[in-house]
Amino acid sequence: MAALTMKSERHRGWLVTILIFSTILSTSTKINFVSMEHYRGPDRGFEINLTDLTAWGLIIGMLVKYPKKLQWLPYNTIWLAALFLIACISVIAAPDKLVASFSLFKWARAGIIYWCMVNVVQVGFPREAIWRAMFGMGWYMSFLAIKQKYIQHIYRINGPFDHSNTVPLFINLFLPALVLWALCDKKLKGWQAWLSIAASLGLVVASQSTFSRLGLMLSLGCFFLAIITANVRARSKRVTIATICAVLAVFVGGALAAKSILDRIHNAPESSEEARAEFNMAAKKMMQDYSFGVGVNNFSRVLTANQRYNQYLSVMEDEEQAGVCHQIYNLTAAELGRPGLFVFVVILARFLWLPIVTVIKKKKDFETLLLFGLIYGQIALHISGLMEWVFRITPVTFLYAISAGLMAGYVRVLNRPKDVKALQPPQAIEAVQPGQPATVN
C-alpha cells in the first residue's frame with residue numbers, strides 16, 4: 001500500500017476508498033490482542049484492523065515521497081493532544097488501568113487516521129474515491145438491512161455491528177454527503193447518480209429498521225437537509241427530478257412503515273429510559289467526586305464495584321456488570337472530569353466551526369457542497385450523543401476521524417492562495433518573443 005501511495009494519484013484514490021469503506025468492516029477485520037470481550041465498556045482489547053493498516057500504508061508512502069507537502073500539526077492538533085493528556089492523567093485514579101489503556105491505544109489510532117486523512121487531501125487524489133467508498137457503504141448497509149429484516153426476520157437490525165444503536169449513528173455521518181454527491185456532482189454518470197440516490201434511500205430504510213427513534217429522525221433530517229441544500233446551492237434538472245422522486249419514495253416508505261414505527265414509539269419499554277436516568281445520575285456523581293474522572297473506559301468497572309455509585313441502580317441492579325452511561329457528554333465527564341468534558345466539546349465545536357465559516361464565505365463549488373454534507377453528519381452525531389455513547393465504538397470513532405480529516409483538509413485546500421499561472425492550462429500561454437507581452441487564449 002505504501003508503494004501504491006507513491007505510484008500515482010489514481011492508486012492513492014483506491015487506497016482512500018479502502019480506508020473509508022473499511023470502517024464499516026472494522027468489527028470483522030480486527031485482530032485483538034489481550035482481549036477482554038466480557039467487559040461492558042466501549043473498548044475491550046488492543047486491536048488493529050484494516051482501517052489502521054490502510055492508514056499506515058498511506059502515511060509511509062507520503063512520508064517517503066511527499067514530505068514537503070505534509071502538514072505536520074493539522075488543525076485542532078493541540079486540543080486533541082490536550083484531550084489525550086487528560087485521558088492519561090485520568091488513568092492515575094483508574095481502578096483498572098488495563099482497560100483504560102485499551103481506550104488510550106484506540107484514541108491514538110484515531111489520531112493517526114485523522115492525520116493521514118488531512119495529509120492525503122494535501123498530497124492529492126481523485127475526489128471520486130470518496131464517492132466510491134460512500135456508495136459502497138450505502139449499498140452494503142442496505143443489503144444487510146434487507147437481509148436481516150426480511151429474510152432473517154430480526155426485529156431491530158444490527159447491520160455489520162454488534163448492536164442496532166450503532167447503525168443510525170454510523171449512517172448519519174456520511175448519508176447527507178452521499179445525497180449531495182448524487183445530486184450535485186456533474187462528473188457522475190446518470191446511472192451512478194441514480195444508484196447513489198437509491199443507496200441513500202436504502203440507508204434511511206436501514207436506520208428505520210433499527211427502530212431507534214432519535215436515529216430515524218436524524219436520518220430523515222440529514223436526508224432532507226441535503227436535498228434542500230442541493231436545491232438552494234446547485235439547482236439543476238437532475239436535482240429537481242431526483243428531489244421529487246426521493247421525497248415521494250420517503251413518504252411512500254414512511255406510510256408503509258408507519259404502523260411498526262408508531263408501535264415502537266408507543267410500546268418502547270419504560271425501563272430503557274429509567275436505566276438511562278440512573279446511569280446519568282451515577283455519572284454526574286463521579287464527575288463531582290473526581291477532578292479528572294474515574295479513568296477513561298472505567299465507568300462500567302467503577303459502577304459495578306463501588307457502592308457509592310451503584311446505589312443509584314434499580315432497573316439494572318441484577319446485572320452482573322453495570323453498563324455504560326447512555327450519554328456521551330456525561331460519560332466523558334465521569335471518566336475525564338470537567339476538564340476532559342470541556343476539551344472534548346471544544347474539539348467538536350472547532351471541527352464544525354471552521355468548515356461552517358468556509359462554506360459561508362466560499363463560492364458554490366462542489367467541495368463546499370461536500371463540506372455541507374459532512375457538517376450535517378457531524379451535527380447529527382453530536383445530537384445523538386445526548387442519548388447514546390456509541391461515539392466511542394470503533395467504527396463510529398474512526399469514521400468521525402475520517403470526516404474531520406476530510407473537512408480540515410478541504411478547508412485548507414479551499415483557503416490556500418492560488419497562483420494565477422496555476423489556474424491557466426499550459427497550452428493556453430502562447431510562445432512569445434523576448435520583449436513582447438504574452439497573450440492568453
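The model is predicted.

**Start with the whole structure.** Colour Phe, Tyr and Trp. A search of the whole structure gives 19 aromatic pairs. A pair of aromatic rings is described by the distance of the centres and the angle of the planes.

**Select Trp181 and Phe366.** These two rings form an edge-to-face pair. Their centres are 4.9 Å apart, with 70° between the planes. Now show the helices. Trp181 sits in helix α8 (residues 166-184), and Phe366 in helix α16 (residues 366-384). The pair therefore ties together parts that are 185 residues apart in sequence. Is Trp181 buried or exposed? Trp181 is buried, at 0% relative accessibility. Phe366 is buried too, at 10% relative accessibility.

**Go to Tyr329 and Phe344.** This pair is tilted, because the planes meet at 50°, which falls between the limits of 30 degrees for stacked and 60 for edge-to-face. The ring centres are 6.2 Å apart. Tyr329 has a relative accessible area of 16%, so Tyr329 counts as buried. Phe344 is also buried, at 10%.

**Finish with two charges over rings.** Select Trp14 and Arg132. Arg132 lies over the face of Trp14, 3.6 Å from the ring centre. Then select Lys149 and Tyr150. What lies over the face of Tyr150? Lys149 does, at 5.8 Å from the ring centre.

Terms used: Residues are numbered from 1 along each chain as its sequence is written. This is a predicted model: local features need pLDDT of at least 70, side-chain atom pairs count only at pLDDT 80 or more; totals for chains, interfaces and linings use all residues. Side-chain values use heavy atoms; hydrogens and water are left out. Rings of Phe, Tyr and Trp (its six-membered ring) pair if their centres lie within 6.5 Å; planes under 30 degrees apart count as stacked, over 60 as edge-to-face and the rest as tilted. Helices (H or I, at least four residues) and strands (E, at least two) are DSSP runs, numbered from the N terminus. Buried means under 20% relative accessible area, exposed over 50%, partly exposed in between (1.4 Å probe, protein chains only). A charge sits over a ring if NZ of Lys or CZ of Arg is within 6 Å of the ring centre and within 35 degrees of the ring normal.
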